[in-house]
Amino acid sequence: MTVNVETHPEGDSAQGFSWQSLPAAQQPEWPDPEALRKSLADLASYPPLVFAGECDQLRTRLAAVAKGEAFLLQGGDCAEAFDGVSADQIRNKLKTLLQMAVVLTYAASVPVVKVGRIAGQYSKPRSKPTETRDGVTLPVYRGDSVNGFAFTPEARRPDPERLKRMYNASASTLNLVRAFTTGGYADLRQVHAWNQDFVRNSPSGQRYERLAKEIDSALSFMNACGVDPEEFRTVEFYSSHEALVLDYETALTRTDSRTGKLYDVSGHMVWIGERTRQLDHAHIEFASQISNPIGVKLGPTTSVDEALTLIDRLDPEREPGRLTFITRMGAGKVRDNLPQLVEKVTASGAVPVWICDPMHGNTFEAETGHKTRRFDDVLDEVKGFFEVHRALGTHPGGIHVELTGDDVTECVGGGDEVFVDDLHQRYETACDPRLNRSQSLDLAFLVAEMYRGA
């Protein structure tokens, strides 16, 4: 289908945007065109969620990652939910990412660029357009931005008013995140406080506490020397999500008054998924026209020609920080499929950020019927990612993970081992299984060790 947005920012041509006439995969079938038009007109009049200058700042930070001078930690929910916009839930996700970043920064001695899958990750691509239960067929759940999770005709009917709810939920989330990251909560002196409510007998929690004590000692020494950098008091934290529902993204695409360039002001960074990166479709054209940092997911079937064409389309100037390749090969394929991509892209002169998504290629259905992932598979894919870059002399730039700050039981394994029979206890995800807090910290420590050895 094609994109439906008819509104456009002041100053753009009356014909709209170039991607609006192209086919777009994974789009909702909105049943009421007039309701959609009204919702999108409202969205187009709303203030930006992020500012162009912030997007430019993230591009600068990602350029450092591309050059091997920093590491990207990108993580958060598989799919955010409207009922998950509470201070506690947002703080818990942020706290987990801050703890992971501290582990990576201190244990691997590398600056960490922190980007959340947050404040916009309300849409999900699906393998089938419908779902059948007990002989009843309904539209598949595509995330809270489109329809409801309950298996009823009313809930599963795509509703464009939900796009406005997504905007409002994202605005509330960003407001809280900014308050937490600049209002003292992210102060490095809080490293112990971030761990206070963690399970005391958790191996990862205890390991983190030992590292926090080392950081305390280092901070005390610096303070005694009269050194108290402002950078220790706040953190830079950026938002990102998959640019999936193009009606929403287009309504929030604006012309920057400083430069005259287009920016998608729904998030600092957006990425194009494995299912929507068709070279002649709307998603790639959209990404080519906006000035935000752009990510593209690359699965195991990605050819060298496809990767090079994506670079030509999305990063023709070969500007470090503009393009991030998020590889999702699977633990069993990363060592075979990734080397040629990295080698040929590097030989072309392009300097993308290379990061590893060790989640999406390692999903399977357990005997209990739950969709899950093995922590060992997640870890093995990251190991393979580091091994490939080490062998080629290129930079393993970061990780992209689905995680939560809650003690869910959705992925099996980890230091506080979750067994298949435990999955039902706290299986709370609406789509894909996420690492819990303990597993996320385990991963951060192990990645830090890999980085030091890279």
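Guide: Here is a short tour, topic by topic.

Guide: This is a predicted model, where local features need pLDDT of at least 70, side-chain atom pairs count only at pLDDT 80 or more, and totals for chains, interfaces and linings use all residues. Residues are numbered from 1 along each chain as its sequence is written, and side-chain values use heavy atoms, with hydrogens and water left out.

Visitor: Rings, then. How many aromatic pairs does a search of the whole structure find?

Guide: Nine. Rings of Phe, Tyr and Trp (its six-membered ring) pair if their centres lie within 6.5 Å; planes under 30 degrees apart count as stacked, over 60 as edge-to-face and the rest as tilted.

Visitor: What about Phe-82 and Tyr-122?

Guide: Their ring centres are 5.3 Å apart and the planes meet at 40°, so that pair is tilted.

Visitor: Which parts does the pair tie together?

Guide: Phe-82 is in the loop between strand S1 (71–76) and helix H3 (87–108), and Tyr-122 is in the loop between strand S2 (112–117) and strand S3 (130–133), so the pair ties together parts 40 residues apart in sequence. Helices (H or I, at least four residues) and strands (E, at least two) are DSSP runs, numbered from the N terminus.

Visitor: Is Phe-82 buried or exposed?

Guide: Buried, at 14% relative accessibility. Tyr-122 is buried too, at 0%. Buried means under 20% relative accessible area, exposed over 50%, partly exposed in between (1.4 Å probe, protein chains only).

Visitor: What other ring contacts are there?

Guide: Phe-180 and Tyr-185 form a tilted pair, 5.3 Å centre to centre with 50° between the planes. Both of those residues, Phe-180 and Tyr-185, are buried. Ring pairs also link Phe-17, Trp-19 and Phe-286 into a cluster.

Visitor: Where does the charged end of Arg-374 sit?

Guide: Over the ring of Phe-364, 4.0 Å from its centre. The test is NZ of Lys or CZ of Arg within 6 Å of the ring centre and within 35 degrees of the ring normal.

Visitor: Now the core. Which residues touch the most other members?

Guide: In the largest nonpolar core, of 105 residues, they are Leu-163, Tyr-208, Tyr-248, Phe-325, Trp-354, Ile-399 and Leu-443. H3 gives this core its largest share, eleven residues. A nonpolar core is a set of buried Ala, Val, Leu, Ile, Met, Phe, Trp, Tyr and Cys residues joined through side-chain atoms within 4.5 Å.

Visitor: Which strand is Ile-399 part of, and how covered is that strand?

Guide: Ile-399 belongs to S14. Strand S14 (residues 398–402) has five of its five residues buried. Gly-398, His-400 and Glu-402 point one way, Ile-399 and Val-401 the other.

Visitor: How does S14 pair with S1?

Guide: In the parallel sense, over five bridges. Gly-76 has Glu-402 in S14 as its bridge partner. Strand S11 (residues 353–356) also pairs with S14 in the parallel sense, over two bridges. There, Ile-355 stands opposite Gly-398. Two strands pair if DSSP finds at least two bridges between them.
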